[in-house]
Amino acid sequence: MKIGLLSLQSDLAEAAGVRARWQPFWRELAERVGGSVTPADPERADEFDLYLVNAMTGGTERKFVEALPRLRPPVRLLSASFLNSLPASEEMLAFARRQGVAAELVHGTPEHVAAQLKSVARVARLHRRLAGARAGIVGGPSDWLIASEVSSAEVAARYGVVLLTRSMEELLEDIRAVNEADARAQAGAWRSAAAGLREATPGDLLGAARMYLGLRVLCARHDLKAVTVRCFDLLTALKNTGCMALSQLNDEGLVAGCEGDVPALVSMMMASSLAETPAFMANIADVSPDGRELWLAHCTIAGRLTRRHVLRSHFESGRGVAIQGELAEGPVTIFRLGRPGLDHAFLCGGELQENTDFQDSCRTQVRIRLPRGTDYFHHRPLGNHHVLAPGDLTGDLRRFLEESGATWESA
C-alpha cells in the first residue's frame with residue numbers, strides 16, 4: 001500500500017526535530033501496511049493508494065484551512081499521541097465537517113493506524129469498483145418483491161451503480177443460440193464437480209447449462225458486472241431454473257442474484273467485493289423461539305462458497321437443477337440494503353453453526369447464531385432476501401455506508 005502524506009507542522013517548531021520524532025512512526029506504519037509512507041502535495045494524491053493529512057504538531061490548523069480546497073473528500077487525518085498532533089487534528093476534523101466535507105480521524109499507534117488504513121483501503125477499492133458498474137435486471141423484479149422497489153437515479157447518485165433493465169425475451173434468444181457442444185461440456189463439468197445428482201436429471205443439467213451460456217452472452221454484450229434475473233419466468237418458458245447459471249457466474253466473479261431483487265443484488269456487490277469471495281443471497285427461512293438463531297435458505301449458491309454440494313431439483317417447483325451446498329462453520333456477516341434509494345441497511349455479525357437438511361425449505365440451508373438476537377427480523381425488516389458473506393465485514397460495511405451518506409442498523 002502506497003500512502004501519501006500532506007505533512008503539516010507549526011512554524012514555531014524546529015523542523016528537523018519534528019521529522020526525527022515522526023520518522024519511526026512512519027517507518028513502522030509502512031512495515032505494517034506492507035508499503036511506503038511518503039510526504040507529497042495534494043496534487044500528487046492520485047499516485048497513492050491512500051492520501052492522508054498528517055498534523056505533525058499543534059498550531060497547524062490554519063494551514064489545514066488553506067489546504068482543504070485542494071483535498072479530495074473524504075479527508076483522512078492522521079494523528080498520534082505526541083507533539084499535540086491529536087488536538088490539532090480534532091480541530092481540523094470539526095472544521096472540515098462544518099464545511100460539509102466528509103472527513104475522519106485515523107489515530108493511534110502504528111499498529112492501530114495500520115489496521116484502520118487497511119479497512120480504509122478496502123472501502124476505497126469498493127467505491128472504485130462500484131463507480132460506473134453496470135448491473136442488469138433481466139425481466140424485472142418478481143411480483144412478490146413488494147417491499148424492494150428502488151430508484152435507479154438515487155442508486156446511481158449514491159453508489160455509482162448503473163441499473164440496466166433487459167427483457168426476458170433477449171435472454172431467451174441468447175439461450176436458443178447456445179452451441180450444443182458447449183452446453184454438454186458445461187453440464188459435464190458441473191456433474192463432475194458435484195458430490196451427487198439426486199432429483200435432477202442429466203437432461204435438466206443440460207438445460208441449465210444452456211441458460212448459463214446464454215446469460216453469460218447477455219452479460220458480456222452489455223458489459224455487466226452484476227445481474228439479477230426474474231428466474232421464475234424461466235420455469236414457465238423452459239421448465240428449468242436459473243440456479244446453476246447464477247452459481248457459475250458468481251464463481252467467475254460476476255455477481256448474480258435471483259428474482260430480479262435489486263436491493264439484494266447491490267448488497268451482494270458490496271459484500272462480495274469486501275470479502276473477495278461470492279456472497280449467498282437467501283430467504284429468511286426461520287428464527288428460533290429464543291430469538292438467538294436464524295435460518296437462511298435458497299436453491300442456488302456459488303460453488304466456491306461450499307465445501308461440497310449435490311445437485312437437486314428446485315424446491316418450490318420440483319423442476320430443473322438446484323444446489324444443496326455445505327458451508328464452513330465460523331464467523332459470517334448478514335447484510336441487506338433497503339428503501340428506494342438503498343440509503344439504509346441492516347448488518348450484523350454472526351456465527352454459522354450448522355448446515356441443515358429440512359425437507360420443507362430451499363435446498364441450501366444454514367443455521368446462524370446472532371449474539372444480538374433476531375428482533376430486527378420480527379419488527380423492522382427491510383425485506384425478505386438477505387446476503388451472507390464469510391467473515392466479519394461489519395466494520396468495513398459501516399465505514400462504506402457512512403462515506404456514502406447511508407444509515408445502518410444492527411440486530
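Reader: Which strands does helix α11 lie across?
Author: Keep in mind that this is a predicted model. Find helix α11 at residues 262-275, running at about 150 degrees to β9. The strands that α11 lies across are β6, β7, β8 and β9.

Reader: In what order do the 4 strands of the open sheet come?
Author: Their pairing is parallel, and the twist averages 20 degrees from one strand to the next. Going across the open sheet, the order is β7-β6-β8-β9.

Reader: Which strands stand at the edges of the sheet?
Author: Look for strands with a single partner, because one side of such a strand is left without a neighbour in the sheet.

Reader: What is the bridge partner of valine 227 in β9?
Author: Start with strand β8, residues 226-229, which runs parallel to β9. The two are joined by 4 bridges. In the bridge with valine 227, the β9 partner is alanine 256.

Reader: How many residues of the contact of α4 with α13 are charged?
Author: From α4 come residues including Gln116, Val120 and Arg122, and they meet Asp396, Arg399, Phe400 and Glu403 in α13. The contact also has 5 nonpolar and 3 polar residues, and the number of charged ones is 4.

How values were computed:
Residues numbered from 1 in each chain as written. Predicted model: local features only at pLDDT ≥ 70, side-chain atom pairs only at ≥ 80, totals over all residues. Heavy atoms only, no water. Contact = heavy atoms within 4.5 Å. Nonpolar A, V, L, I, M, F, W, Y, C, P; charged D, E, K, R; others polar. Pairing = 2+ DSSP bridges. Axes fitted to C-alpha atoms, helices over the stretch in contact; angles between N-to-C directions.
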